[in-house]
Structure formats: C-alpha cells, structure tokens
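Student: I am new to this structure and would like a close look at a single part of it. Could you take me through the sheet and then what lies around it?

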Amino acid sequence: MSELIVEIDSLSKNYQSGEITVRALSGVDLKIKKGEFIVILGPSGSGKTTLLNLIGGIDVHTSGSIRVNAREITKLKEKELTEFRKEDVGFIFQFYNLIPTLTAIENVELAARLKFSRRMAYEQSMRILKTVEMEDKAHKFPSQLSGGEQQRVAIARALVKEPKIVLADEPTGNLDTETGERILSEMLRICKEKGTTFLIVTHNVAISKLADYIIYLKDGQIFGTSKNQS
Ligand SMILES: Nc1ncnc2c1ncn2[C@@H]1O[C@H](COP(=O)(O)OP(=O)(O)OP(=O)(O)O)[C@@H](O)[C@H]1O
Ligand SMILES: [Mg+2]
C-alpha cells in the first residue's frame, strides 16, 4: 500500500461571526496518498479554502484530526508548526500574497533560501521563473505585474523549495487557457518526477482531466469523489 501523506478524520471548522456560527467544514474524512494529483471542486463558500488552510497549518481547526506526513499537525507547538509550513508545504494562495516590497525573483528566493544556499537559491529561483515564463519580469515588483503574472510568481514561489505537498487555491484562475495548461503540465511533471502531492482547488476542466481523482465539497462536507478514467 502506498504511503499516506494526508489523513483527516472527522474534521470540523466553525467560524464565529458575532452571534452566528458558520460551519465551514463538518465531519470531513479524507485520505491522500503520496504523489497524488488531486482536484477539489465545489461551489463558492463550500469550504475549499478552509480545508487547504487547515491542511497547511495556517488555520486552527475546531475538532477532529489532521495528519500530514505522519504528524498530527493539530497538536504541533507553534515552532514545529512554523517549520512544517516552511519545509513541507508549498502554498499557492487564492489571492497570491506576494510581498509587495520585494521583486518577483526576491519573492521566490525568499522561499528558496529555506532549502538552498544563497547562490543555489538564486539559480533555482531563476530556473523556476523560466518555467512559468516570468524570467523577463524577474526584477519587477508585484504592483508592476498583472494578476496573471503575479499568480505565476506565486506558483514559482510555492514550487521552488520542492515541498512534500503543494496546496493550490485556484492557481490558474487569472491565466489564459494556454498559459494555464502549460503551467499545469509543469506541475504534473513535478508531481510525477519528485513524488510531490498536489491538492488543487480549481474549476479548470483541463486540470480536472489530469487529476488522479476529484473531491467534491458541498456545505462543508465531502459528498463524493470520482476517479478519472483516462
Ligand atoms: N474568517 C472567517 N470568518 C467567518 N466566516 C468565514 C471565514 N472564512 C470563511 N468563512 C465562511 O466559511 C465558509 C467556507 O469558506 P471558504 O473560504 O472555505 O469557501 P470556498 O469554498 O473557498 O469559497 P470560494 O470558492 O468562494 O473561494 C463560508 O461560508 C465562509 O463565509
Ligand atoms: Mg476559496
């Protein structure tokens, strides 16, 4: 049996909005094997971002358990959690979160430095910026880039440190179909070559076709999974 990288049991997350409790996730069970390429689908507000944030250790759950890479991340101390986020997880956020005072390459290098020496970090950052076709704009600041260009920098930043798991929230939402598909096939290549696990929230049909399987979320619950025939 393949090794599990994510094991989630009875996971729930409530948000308190004044008097009202929003049940963002309720009773989610999920098992993901190492090296799988998985797409999460679901309507707006169904809990997709919440699920990624909990797996990536950047939000606090209400109940249940989340094991990533054989560690119960809900029980980690702040310092261990920071290490986990830095070393094991590559996050591609729905709204990019680039650091505005750093250029494109500096944003990528900051992540690369967690793993590589200064010189290697620069080389690896440039290499990955080339694969997302952003080498010409490597020295521009985020404010000088279009939404799609910022998105490509954010993708480069997540991939450069070769994390164990990549959590991507609509990573191609701002890209034209052709660029989006090129970047996706690059992600799939990394997935297959390095055994990186990908968990991608997307409505892009081309990505769903490439996925090992699709998880459907609705009202904070998994209401089905389907495996691709191809
Ligand atoms: N910080 C918060 N405070 C209160 N409610 C929140 C918070 N974050 C999310 N929610 C609520 O939790 C539910 C799930 O939100 P989530 O962001 O996970 O949805 P989503 O599936 O990612 O939606 P979208 O496709 O629009 O990005 C929604 O009802 C949302 O309003
Ligand atoms: Mg979302």
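Tutor: What follows describes an open sheet first, and then turns to the nonpolar core and the ligand shell. Please keep in mind that this is a predicted model. The sheet is built from 6 strands, which run in the order 6-7-8-3-9-10 with mixed pairing. Because strand 6 (89-92) and strand 10 (221-227) stand at the edges and have a single partner strand each, one side of each is left without a neighbour in the sheet. On average, and with direction ignored, neighbouring strands of this sheet are turned by 15 degrees against each other. Within the sheet, strand 7 (residues 165-169) pairs with strand 8 (residues 197-201) in the parallel sense, over 5 bridges, and alanine 168 can be found opposite isoleucine 200 of strand 8.

Turning to the core, the largest nonpolar core holds 58 residues, and those that touch the most other members are Ile55, Val108, Ala156 and Leu167. Helix 5 (residues 147-160) contributes the largest share of this core, namely 7 residues. If residues up to four places away in sequence are not counted, alanine 156 touches Val108, Ile128, Leu129, Val132 and Met134.

As for ligand 1, it is surrounded by 13 residues, the closest being Tyr15, Ala24, Ser44, Thr49 and Thr50. Strand 1 (4-17), strand 2 (20-33) and helix 1 (48-55) each supply at least two residues of this shell around ligand 1, and helix 1 gives the most, with 3 residues.

Methods:
Residues are numbered from 1 along each chain as its sequence is written. Chains are lettered from A and ligands numbered from 1 in the order in which they are written. This is a predicted model: local features need pLDDT of at least 70, side-chain atom pairs count only at pLDDT 80 or more; totals for chains, interfaces and linings use all residues. A nonpolar core is a set of buried Ala, Val, Leu, Ile, Met, Phe, Trp, Tyr and Cys residues joined through C-beta atoms within 7 Å. A residue is buried if 20 or more other C-beta atoms lie within 10 Å of its own, exposed if 12 or fewer, and partly exposed in between; C-beta atoms are placed from the backbone. Helices (H or I, at least four residues) and strands (E, at least two) are DSSP runs, numbered from the N terminus. Two residues are in contact if their C-beta atoms, placed from the backbone, lie within 7 Å. A residue is near a molecule or strand if its C-beta atom, placed from the backbone, lies within 6 Å of it. Two strands pair if DSSP finds at least two bridges between them. Axes are lines fitted to C-alpha atoms, for helices over the stretch in contact, and angles run from 0 to 180 degrees between N-to-C directions.
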